[in-house]
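Here is a briefing on helix packing, the chain interface and the nonpolar core. Look through the sequence and the structure before the notes.

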Amino acid sequence: MRISWSSIFDALLPLIATLTALAVGAVMLVLLGANPLVAYGALIEGAFGSFNAVADTIVKATPLLLVGIGICIAFRAGVINIGGEGQMILGGLSSIALGLAFPNVPGIIMIPVALLVGFIAGGLWGGIPGYLKARFNVNEILSTIMLNVIAIQLMNLLLRGPLIQPNQKGAAAIPQTARLAVEYDLPRLIPTRLHLGALIAIILAVAVYFFLWRTTIGYRIRAVGLNASASRYAGIKVERYIVLSLMLSGAFSGLAGAIQVYGVNHFMITDGTAASFTGSAGFNGIVAALFGQLHPIGAIPASFLFGALLVGANKLQRVVQVPAALITALNGLVVVFVVSSEIWRRKNARKRAIRELEEKLANVAHNSSPEGGDKDAG
Amino acid sequence: MLADLFTGSVLIGLLASGIRLATPYLYAAIGETFGQRSGVLNLGVDGIMLMGAFSAFYVVFKTGDLVGGVLLAMLVGLLMGLAMAFISVTLNAEQGISGIGVYLFGLGMSDLLFQKLINNVQTVSGFPVAPIPFLSDIPIVGQIFFTHNVLVYGAYLLVPIAWFVLNKTTLGLKIKAVGENPEAADTLGVSVAKIRYLTVTIGGLLSGVAGASLSIALLNVFQFNLTNGLGFIAIALVYFGGWRPTWVLMGSLIFSFVNALQIWVQVVGIPIPSDIAVMTPYILTIVVLVISAQRVRPPSALTKAYERLE
């Protein structure tokens, strides 16, 4: 196999798409009266300027990676999971409920159990659209979006009611939980905000790679995504794998929520939106996964990059007085550009296939006797 | 006690606000119906609505010009629809994901502009109530149906127009052909790309108006994420309506009546947690999606890019 220019171009497509988005961002910055060089300089400094900044970037990247590897599983199975926000919330709620209910268990037991509970809760929440799609043919994009809103309301309900911090009472009560026991904090890796969750996410990304490419179940998930009717013909129970992939996808988002609670916040508070808890990781995880070409290993650097964008956005906002919402808009553009750039990948793939075919035919013609190498081979 | 609260005038008020609240859903969902009928799922509706809502609000906030506000919202919606058409038709991008990109762009961009140009939550005086002469004098019926603002009437006018275009014109026939069997339509000389560009752009334009109807006719404010996912519900209503304008109207009405009821329940202080009340329409939407998925089949080519073999 020789490496052609076109395959290098393919690998660089997401990067080109992102640079294009940043170029559009630069134009927007100019229109908003800010110097793009200063703005992007502030962004880079905010994300990488110090030891703490890098640690914050990794902390911000962790939920993106966890949601992102879940997205890889779902998209590889041909289902689109837009429900990361809701699944994260369910993971956060269930794990914090457990930790608050049992405050006197050794951390070494509680932490893994709580993370597992978050994983399962997210999986069940993701299983609902999976089941609705498999059983009733309900469009999963729409059902996951509806379930996001339902999850937000569930969070508001629980944080105002059963989970509210005991001393918050009356009309002025802030809808927040008590802080989890300090023994339940995820261990810090180095003396920054960087916690064990980042390492867990990276290990799981590698594990999901092996799962998707080295196991029968993973192979079937990808087969369903590539061609559902052919898979059905080959005896794969397509519906089962649709449910499974959405459950797994939801489970990783749920774990992201649990890790957010045990590793970063240690309590939950709501202002009525999902973003106050998730930081929109349920959406941005999709961006990271797409950027990583729906490959769990590729999602690792991609999450790091988008974590950096998010952390740097705050600095950008302070330095050039441009709202951090710019980064949300640019993330949208990255998605559009990455998905749109697929057309060149397909064109290249087609060209390569044709060229390989021509070479093969040329070889056949060359190796066979003159009467065998007639022209109807093409 | 419930009977005391549920008097005739309350009921009329509820029905009237149900009619009014259906407005943004109708604009967005009817627009999306055109696109989906031709085979394009535009998931960016909510983002386009937000941009439309902001543009209209900004014009009215600065100049008080209501018509100008709607026109700018239309223009912004049209441009974003055109962009979506370019992405999904010319570049053949995956529609589900690229639509989310358009949504994120609209969400971020409208917030960015809002923070930069206005910065705090303000109200404007939006479209005034314009009772229709004579009809609004009819007792009860007049109050429910004919005492609204112009954008509300426009939304309901759109339904028969959409029905007529889709079912009684050559253009409608072409749209449906392109959505059901693009290869065949292409063979018969219908330009798949042209039709899809047209429908998605119209959808964008109407989504812009849907946004404007929120910010300068119903709520008369703008804030971050004003639509709160309303555009996604509009898409669900298109599925519920089986891609037919009349059923989309039915779906929008059911949804907005439930919403009006939900708001009323909160206002009069019936002891149901507000979170559950807010949740109800969304649960209802999922139930409705389950039912409608059994009833009708989507256009065959929906979400499928059409690549012409040269």
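This is a predicted model: local features need pLDDT of at least 70, side-chain atom pairs count only at pLDDT 80 or more; totals for chains, interfaces and linings use all residues.

Residues are numbered from 1 along each chain as its sequence is written, while chains are lettered from A and ligands numbered from 1 in the order in which they are written. Chain A has 14 helices and 0 strands; helices (H or I, at least four residues) and strands (E, at least two) are DSSP runs, numbered from the N terminus.

**Chain A overall**
- Along the principal axes, the C-alpha atoms of chain A fill a box of roughly 95 × 55 × 35 Å.
- Of its 378 residues, 52% count as buried. Buried means that 20 or more other C-beta atoms lie within 10 Å of the residue's own; exposed means 12 or fewer, partly exposed in between, with C-beta atoms placed from the backbone.
- Among contacts in chain A between residues at least 6 apart in sequence, 79% join residues at least 24 apart. Contact means that two C-beta atoms, placed from the backbone, lie within 7 Å.

**Helix H8 of chain A**
- In H8(A), residues 216-226, the buried residues are Arg220(A), Ile221(A), Ala223(A), Val224(A) and Gly225(A).
- Their cover includes helices H3 (51-76), H7 (196-214), H9 (228-233) and H10 (238-265) of chain A.

**H2 against H13 in chain A**
- H2(A) (36-48) and H13(A) (299-320) pack at about 130°, with axes 7 Å apart. Axes are lines fitted to C-alpha atoms, for helices over the stretch in contact, and angles run from 0 to 180 degrees between N-to-C directions.
- The two helices are therefore oblique to each other. Under 35 degrees counts as roughly parallel, over 145 as roughly antiparallel, 65 to 115 as roughly perpendicular and the rest as oblique.
- Nonpolar covers Ala, Val, Leu, Ile, Met, Phe, Trp, Tyr, Cys and Pro; charged covers Asp, Glu, Lys and Arg; the others, Gly among them, are polar.

**H3 against H4 in chain B**
- H3(B) (45-63) and H4(B) (66-90) pack at about 150°, with axes 8 Å apart.
- That makes H3(B) roughly antiparallel to H4(B), and their crossing is right-handed.
- The contact includes Ser55(B), Ala56(B) and Val59(B) of H3(B) and Gly69(B), Val70(B) and Ala73(B) of H4(B).
- Its residues divide into 11 nonpolar, 7 polar and no charged.

**The A–B interface**
- 35 residues of chain A are in contact with 40 residues of chain B.
- On the chain A side, H5 (107-136), H6 (140-160), H12 (281-291) and H14 (325-367) each give two or more residues.
- H14(A) gives the most, with 13 residues.
- This side divides into 25 nonpolar, 9 polar and 1 charged.

**The nonpolar core**
- The largest nonpolar core has 227 residues. Such a core is a set of buried Ala, Val, Leu, Ile, Met, Phe, Trp, Tyr and Cys residues joined through C-beta atoms within 7 Å.
- H10(A) supplies the largest share, 16 residues.
- Among the residues with the most contacts inside the core are Leu65(A), Val334(A) and Ala56(B).
- Beyond its neighbours within four places in sequence, Ala56(B) is in contact with residues including Leu72(B), Gly211(B), Ala212(B) and Ile216(B).

Technical notes:
A crossing is left-handed if the near helix is turned anticlockwise from the far one by less than a right angle, and right-handed if clockwise.
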